Amino acid sequence: MANELRIVEAVQQALDEELARDDSVVLFGEDVGVTGGVFRATDGLVDAYPERVYDSTLGESGIVGVGIGLAAAGMTPVAEIQFQSFLYQGFAQLVQHAARLRSRSRGGFTCPMTIRTPYGGGIRALEHHSESFEAGFAHVPGLKVVVPSSPTETKGLLTASIRDPDPVVFMEPTRLYRAMREPVPEGDYTLPLGEATVVEAGEDVTVVAWGSMLRTTLSAVDGVDADVEVVNPRTIYPLDTETITESVKKTGRCVVVHEAPMTAGLGAEIVSRLTETAFYHLESPPERVTGYDVPFPMFAREEAYLPSEERVRAGVERALSE
Amino acid sequence: MPRTTVAEFTVESLGILAPDGEVDEELVPDLSEETLRGMYRTMRRARRLDERAIALQRRGELGTYAPGIGQEAAQVASATALADGDWVVPAFREQAALLTRGTPMHAILAYAMGLEEGAAVGPDDRTLPPSIPVGSQALHAVGIGWAYAMRNEDPVALAYFGDGATSTGDVMEAFNSAGAYGAQTVFLCQNNQYAISTPRSKQSRAETLAQKAIGAGIRGIQVDGNDALAVYEATREALDHARDGDPVLVEALTYRRSMHTTSDDPRKYRQEDEEVDWDRRDPILRLESYLRERGILTDDDVAALEAELETEVADAIERAKGMAADVDPADMFEHAYGEMPPWLERQLTAFSGAQGGAVDGE
Ligand SMILES: Cc1ncc(C[n+]2csc(CCOP(=O)(O)OP(=O)(O)O)c2C)c(N)n1
């Protein structure tokens with residue numbers, strides 16, 4: 001059986017099923033209870049599980065830090081950070097404790113916490129509501145970073161994240177929350193973390209994209225006069241280098257697309273890995289199509305900032321031109 | 001040693017103009033008729049701006065907007081107590097305080113249209129841009145207030161934040177460091193009873209938010225936030241203390257009468273009888289009846305003000321729309337660094353090319 005769900009509903013379903021399956025799961029975050037979260041991703045859950053769904057006090061350092069304690073005491077915390085930019089307020093707890101509780105206690109304590117957070121631009125939001133800092137989180141050893149791009153991926157990857165024995169930052173693309181519906185497997189359904197997927201097979205050039213940029217990429221390459229292979233890593237860390245490498249070995253060309261700024265973004269890491277794993281297969285310099293190295297502009301300028309279909313297409317054509 | 005009490009604290013609350021119109025004449029601050037009329041006028045300007053902004057947002061002409069309807073006394077009266085050289089460090093709902101400080105209406109609207117220009121600051125401005133990360137700005141007010149303390153100068157920084165913000169580490173750090181440094185800072189907490197959907201009662205078990213000052217060793221006082229006279233007086237006293245290096249937390253009890261922001265529906269978490277109850281305590285009507293009773297305000301004045309406001313808001317909207325129409329996206333590159341780094345120059349070049357449909361990347 002499969003219901004047609006949007007991403008936001010897939011989140012709700014995954015949370016609902018995990019709360020039902022495992023008594024140790026606790027949901028908390030600003031406004032997740034009575035209103036069901038600002039994006040309604042937790043709608044109704046406080047009614048179904050009043051003892052395990054909480055409106056937290058305000059403060060992300062507190063949310064992450066308290067979650068670490070809950071985890072140490074045997075709970076499975078699933079925290080919502082209302083917008084990814086406010087996870088900066090919890091970053092110290094994430095880096096200094098969540099990510100290293102296991103290693104510092106020699107495995108004695110673990111932190112199986114999932115931090116869900118909407119990210120990314122394109123919804124004409126206020127300042128500080130549009131960043132995509134996935135590379136920053138991926139830079140922290142001990143964390144996992146997951147970015148779904150469809151309802152099915154959301155259900156499978158979120159369920160896997162909650163069951164994962166380590167802390168996971170689960171970044172939900174705000175722009176896609178209600179953008180599409182698709183049949184999503186009901187009941188127990190997981191997708192493995194750390195496995196990329198080939199969304200479209202092709203022979204001429206590989207484009208790597210995730211989250212909302214995957215949608216932009218798919219529309220963009222529709223108009224390209226070449227056989228494009230599109231790879232979606234789904235998990236930013238651990239990153240499935242093998243799948244990307246295999247693809248680039250086949251096509252000889254690579255374009256990485258991301259919303260985040262170019263410098264030290266994930267594109268840099270992917271291209272760097274390809275020089276290690278597929279250097280002699282490269283037929284043209286890898287391309288990056290990314291946000292610019294400026295603070296994410298307010299919404300009057302965000303369309304100019306975000307990689308557009310034209311920019312993706314131009315990047316693909318440059319990769320193909322040599 | 002037996003168990004003894006080593007310290008005891010009390011929290012004072014101040015009200016001057018009661019909801020039923022009764023006035024404690026002894027406490028009435030010494031304000032000129034002109035100042036009183038000015039406060040009333042700015043409160044009305046702020047209310048009108050917020051109402052129009054909500055309507056504009058509904059028509060898709062504005063982005064998400066956080067109205068301060070119901071909080072006009074807390075903001076306008078506190079900002080009125082400031083001296084010219086003092087600073088305002090706002091959160092994101094402080095249109096009324098900004099208007100009091102002279103920020104033009106069209107700038108507020110431009111910001112809400114997603115234009116950085118709306119937060120542009122002139123060389124003599126002492127108002128920081130809006131701060132959206134909750135509570136983060138309170139520390140900036142400490143830094144500013146400390147700078148003046150170090151230099152033995154008069155100015156004070158007035159930081160605004162909400163009840164929810166008092167749960168954040170930054171705000172608690174701000175209280176503590178302000179006390180430790182003797183910063184010339186006043187914290188104005190607008191306890192409007194909700195942090196989005198979370199009621200004040202769920203935010204903290206503390207009986208008052210004012211008492212959060214006590215743990216930091218600074219003064220805390222509660223004030224009727226819908227009573228412009230009381231807010232003015234409490235802030236004036238707080239500013240006096242702060243000028244001497246004694247920071248103060250003022251908790252203004254008020255109510256956010258409209259939505260948290262235009263993306264929120266308060267019916268999900270609020271009871272109508274509570275809303276009606278607070279409607280009756282409207283800060284503007286309260287000041288208005290006080291001024292009318294004293295003959296400071298007449299029907300003619302109110303009618304004239306209304307007409308004037310319609311024109312002001314309409315002009316401001318036109319001006320902001322003009323700014324939006326003229327927006328140059330390339331200028332997102334201009335202000336990232338004092339001097340544009342070479343790789344950013346290359347991105348800008350590529351950007352300009354991409355705008356014209358040509359190249360991208362390096
Ligand atoms: C650090 C941070 N976390 C979360 C948010 C999302 N958010 C915006 S306003 C708000 C509630 C703020 O409540 P309060 O401090 O009482 O101020 P009010 O909105 O009532 O003026 C929240 C949680 C944010 N902007 N910044």
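Author: In chain A, 27 residues of domain 1 are in contact with 24 residues of domain 2, where contact means heavy atoms within 4.5 Å. Before going on: this is a predicted model, where local features need pLDDT of at least 70 and side-chain atom pairs count only at pLDDT 80 or more, while totals for chains, interfaces and linings use all residues. Side-chain values use heavy atoms, with hydrogens and water left out; residues are numbered from 1 along each chain as its sequence is written, and chains are lettered from A in the order in which they are written.

Now the two partners. Domain 1 of chain A covers 2–185 and domain 2 covers 197–321, with bounds that come from an automatic or database domain assignment. Taken over C-alpha atoms, the centres of these two domains of chain A are 26 Å apart.

How much area is buried between domain 1 and domain 2 of chain A? It's about 2,100 Å², and carbon and sulfur atoms give 58% of that. Buried area here is the accessible area (1.4 Å probe) that two parts lose on being put together, summed over both. On the domain 1 side of chain A, Arg124(A), Glu134(A) and Arg175(A) lose the most area to domain 2, together 22% of what that side buries.

Arg175(A) turns up again in a salt bridge: its side chain meets that of Glu259(A) at 3.8 Å, N to O. The rule (a side-chain nitrogen of Lys or Arg within 4 Å of a carboxyl oxygen of Asp or Glu) finds one salt bridge across this interface of domain 1 and domain 2 of chain A. As for secondary structure, α6 (134–138), β6 (144–146) and α7 (151–163) of chain A each supply at least two residues of the domain 1 side that touches domain 2; helices (H or I, at least four residues) and strands (E, at least two) are DSSP runs, numbered from the N terminus.

Between β6 and α7 of chain A there's a loop, and Ser149(A) is found in it. Ser149(A) counts as buried because its relative accessibility is 2%, and buried means under 20% relative accessible area (1.4 Å probe, protein chains only). Leaving out residues up to four places away in sequence, Ser149(A) touches Ile7(A), Leu176(A), Met180(A), Gly211(A), Leu214(A), Arg215(A) and Asn232(A). With Asn232(A), the Ser149(A) side chain makes a side-chain polar contact at 3.4 Å.

Conventions: Buried < 20%, exposed > 50% of the residue type's maximum accessible area, 1.4 Å probe, protein only. Polar contact = N/O pair within 3.5 Å; in protein donor to acceptor, adjacent residues only side chain to side chain.
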